[in-house]
Amino acid sequence: MAPSDEHDGARNRIAQRPVRRFLEDSTLADWIERHALTLTALLTAGVLAVMLYVPVGIVFSNAVFVDGVPTLRHFQEILADPFYFGSLASFFENPLAIGSHLSAIVGWIGAVSISLSLETPLPGLDVPFPWVSIRTPGVQGGLFGFTAYQAVLSTIASLALGLPAAYVLANYEFRGRQTIRSLTILPFVLPGIMVAVGFYAMFGQAGTLNSVLGTVGLGPYSFMQYSPLAIVIVAHAFYNAPLIARITVAAWESVDTRTVETARSLGANRRRAFLDVVVPQLLPAVFTGALLTFIFTFMTFPIVLALGGLELATVEVWIYDRMRRLDYAEAATLAILETILSLGLTYAYLRYESAQSGLSRAASPPGREKLFPDLRTALSPKRLAIVGYGVVALIVFVGPMASLVIGGITDSGGFTLRHYSFLLERQVDGADFQTQPYPAIRNSLLFGLGTLLIAVPMGVVVSVVTARAGRSGAIIDTLAMVPLAVSGVVFGIGLLQGLVFGLSLPFGWQFQVTGAVAIVVAHAVAAYPFVTRNVSPLLSNLDPAMVESARALGASRTRALLDIELPLIASGIVAGAAFAFAISIGEFSSTVILAGGSDTYTMPVALERYLGRRSGPAIAMGTILLAVTASSFVVIDRVGGRFEQ
Amino acid sequence: MPKVVRTAEAPITAFKTTRCHNRVMQRRTFVRAVGGGAATAGLAGCLTRENGEDGENGEEDEGELKVATYSSFVEGELEDGDSPAEWLKEAFEAEYPDTEINWTVPEEGLNLYIQQAQQESDVDADLFLGLNVDDLVHIDDNLDEQLFEPIGRDELENANRIRDDIDFGDPDDRVLPYDTGYISLVYDESAVETPETFDDLLEDEYENEFVVQNAQDSDPGQAFLLWTIDRYGEDDYLDYWQDLQDNGVMVGDSWTDTYFGPYENEERSVIVSYSTDQVFHAGGDDPDLTRNQIAFPDDQGYENHEGMAVFADSTKTELAHNFMDFVLTSEAQAAIAEKNVQFPAVADEFVDLEESFYDYAYEPEESVTFTYDELDGNLNGWVDDWEQTIVQ
């Protein structure tokens, strides 16, 4: 449908629906329609209270109560410990000694020196680069400082790798574009151990990349050891650049470009029009992606240890360790500090997002050019840059996954199918108390579908309630983002101690929640923020006048949402649905905890249980996980695509 | 006095709903759907009310023993053949026809039961199989009451078969060992020389070649840390670790991460692992074991005993003891050694292990291990000092 038709279509719907509704009016349906938003919002709040706030609150309370008496002792201890807060610790220890803090800062600045030199930073390449080195007298960041530092670097790397992908996918037409768009968030579902194995198999001394380089006489290079921090950051980008790309593509496809034409007709050149018209419509999505990436990499856990080692430990590593020792107070205190930081950032961003008031009246994305229409265009600098990016993307994203797949069909003797025949035998002959592949696949798909069906309405409702609601909206939205900002370890322990063991209620009642349905709801709680974060930027881009006109013509808020807003932000909803599915497929800890001893295991759980002293069976299971998830993503996008224009 | 028990099933949905049930103490149980709207349809909540009356043992089956263990014991380590759990279940149930072994693998391991005891909810298993000595210290650090009851050695015919040197040193005698194993170095002989001593690992030969696990939460990682404490003493072990760091040691996370990541992909050539490593790579007529060479630095190996214990809450004490006695029989000891790829806990004359087992499973001349008393009150502090040394 051409953009202008679509716009008229939306307008026609505004005009026609109320009339039709008026004719078919029935009181109950009408009541439900009028209150659907409120009811869904209340249900969402109820689900969050039971499945999130209560469990997390139980764990967090360990930080502020000692034997039932409230205390801030744990916070004081941790804030004033240089191990956690480095140079800031002395500030926290005595925040009022402003004079000595100031003189410390002045002394520090005086000792900074900057020098310019030529360096060869690329391993194996003798190309000198001008290198600015800033020597500072050691700032001790402590555990929190380092965690934030690597998260910032990871966010920058993820933006650098994610935004070009969004640009290409939104602006160029080529074979397989839609499939690639569907598959972007595939890395999201891979368990940390598989990413680590995939990275070693791709970038290791004996890895795929060195084998390929070897065929042209280069290498081998020790990519993994050159800088462990760099590898960890690339691995974070492997997870998060696709997230930034997917969110940004969804926004790009909802851009109202007719304003570009207006700008052009008023004399703006292409670049100017892009910067002034398209970029502002994309920024909320880009910032959303960056924010999510920062939060995730701030709370990163298994991947730093697996690729970087304990030297690169983050706060979450410590939370995990303290929780394993059952030192609840220290674990909870660290987790609360982590959450405060994440939520603070989220709130700051949401204030910005809710201040956006767009003028978009229809999704009329820029037309897509053919990527390689002819040879001459293919050799233009822009196209060559895209090809260059494609090679990088192939190495960073496809490489580790492909190397993993290869690992599943090889052993020391070369090609083999024995890892798969092990899985098949386990399926056919395994004892019923052992883990079998088929139930894992089936459970994963059922849970994923269930999660999608619950998380999408939850996420959309939170978006609708909070978008443009100013400060109060930003506060509610921030509280709704708690699932992203709470340590996964804490959430898991909270579910165990709160819902699985049971909560004591008055009069001797016990409240317990376990089983498959609880797992799905827990997944939905973890997943709906992704729907919200995909939908909200698009929603705030819409011209509020459209909904107001519809309401003025007699449409209920729900009807206006269903008929006017949702069709215009469908690409965000489809992206959110794909994320919800992905979160459910990849989820591990709440799945095993809420299973409560029953055999409701999923693919990542099966994979983990197959990790014995041989890697083959687990890698084969990882390949199955990738294949099943990939086909599901294609289906979700195809089905969802029917609602997108 | 029995009263009416109302049970309302949750609405049938596409998902299996779990009923709350409790084998040990009968409770009034309600299963009911919470909410009913689109967003929460089918969320199965479960409200139970403490009855306080024991003795309604309607659903209790005399012959059922719930055994908690770790995942590889159930799933099996080897490609062909049963897992140790499969073998034990089949053989024990054949010997004791009215019994049933139910395996359970809690993701949180022992911590699940410690937390259940902390919250004073019922501990949901009869026997735990897979305890190390540090687990006992961990229990006692976190619980005032007993999680496990003392072993009733009088009820066991085979307890005296256990090797004299396998002793947890537990003052409460809660654990019965069922197998033992050695942590050693595993190395690639095509890349590095055999590391003969701990000091060797500080040589240039091993620069950026050595990978160990995280002593915070990995068994072999913690074993290696304790081994260095034994070797260099409480005052000097951190210096040794600093030297290791200067020589580019990688402190990874779990055994799986380190072995399947840097070691298997030839990024590192020496790893802390088990002295049975070759068993997993010795298939075929002419196995290539270049990357599976075993080294015992200073001719030592760190020995980790694995044990089993009966939960104090269990009402199946007798059955549990029958099972433990069975685990110590010659056939079971041979089966566990082969299938769990560990060494038997009983003395040689009480186990018929094929000689070929020792072709690929190595024992050190001298073994190092820490007992309960040595770890009690020290372990967390040692690990704390170590992690601060590594991370700073």
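Contact here means heavy atoms within 4.5 Å, and the model is a predicted one.

Q: Which helices of chain A do the buried residues of helix 22 pack against?
A: The buried residues of helix 22 of chain A pack against helix 2 (27–64), helix 17 (328–355), helix 21 (437–466), helix 23 (482–485) and helix 25 (516–541) of chain A. In helix 22, which spans residues 470–480, the buried residues are A:Gly473, A:Ala474, A:Asp477, A:Thr478 and A:Ala480.

Q: What makes the buried residues of helix 22 of chain A line one face of the helix?
A: When helix 22 of chain A is viewed down its axis, the buried residues fall within an arc of 155°, and therefore they line one face.

Q: Why is A:Val315 called buried?
A: The label buried requires a relative accessible area under 20%, and A:Val315 is buried because its value is 0%. A:Val315 lies in helix 16 (residues 315–324) of chain A, and, not counting residues up to four places away in sequence, A:Val315 touches A:Leu143, A:Phe144, A:Thr147, A:Leu334 and A:Glu338.

Q: Why does B:Arg174 count as buried?
A: The cut-off is again under 20%, and B:Arg174 counts as buried because its relative accessibility is 0%. B:Arg174 lies in the loop between helix 4 and strand 6 (176–187) of chain B.

Q: What makes the pairing of B:Arg174 with B:Asp140 a polar contact?
A: A polar contact needs N or O atoms within 3.5 Å, and the side chains of B:Arg174 and B:Asp140 are joined by one of 2.8 Å. A polar contact of 3.3 Å likewise joins the side chains of B:Arg174 and B:Gln146.

Q: Why is the pairing of A:Arg322 with B:Asp384 called a salt bridge?
A: The rule asks for a side-chain nitrogen of Lys or Arg within 4 Å of a carboxyl oxygen of Asp or Glu, and because the closest N and O atoms of A:Arg322 and B:Asp384 are 3.7 Å apart, the pair forms a salt bridge. Across the interface of chain B and chain A, the rule finds 4 salt bridges.

Q: How many residues of chain B are in contact with chain A, and what area is buried between the chains?
A: In chain B, 78 residues are in contact with 74 residues of chain A, while the area buried between the two chains is about 7000 Å², of which carbon and sulfur atoms give 55%.

Key: Residues are numbered from 1 along each chain as its sequence is written. Chains are lettered from A and ligands numbered from 1 in the order in which they are written. This is a predicted model: local features need pLDDT of at least 70, side-chain atom pairs count only at pLDDT 80 or more; totals for chains, interfaces and linings use all residues. Side-chain values use heavy atoms; hydrogens and water are left out. Buried area is the accessible area (1.4 Å probe) that two parts lose on being put together, summed over both. Helices (H or I, at least four residues) and strands (E, at least two) are DSSP runs, numbered from the N terminus. Buried means under 20% relative accessible area, exposed over 50%, partly exposed in between (1.4 Å probe, protein chains only). The arc is that of the directions from the helix axis to the C-beta atoms. A polar contact is a pair of N or O atoms within 3.5 Å; within protein, one must be able to donate a hydrogen and the other to accept it, and residues adjacent in sequence count only if both atoms are side-chain atoms.
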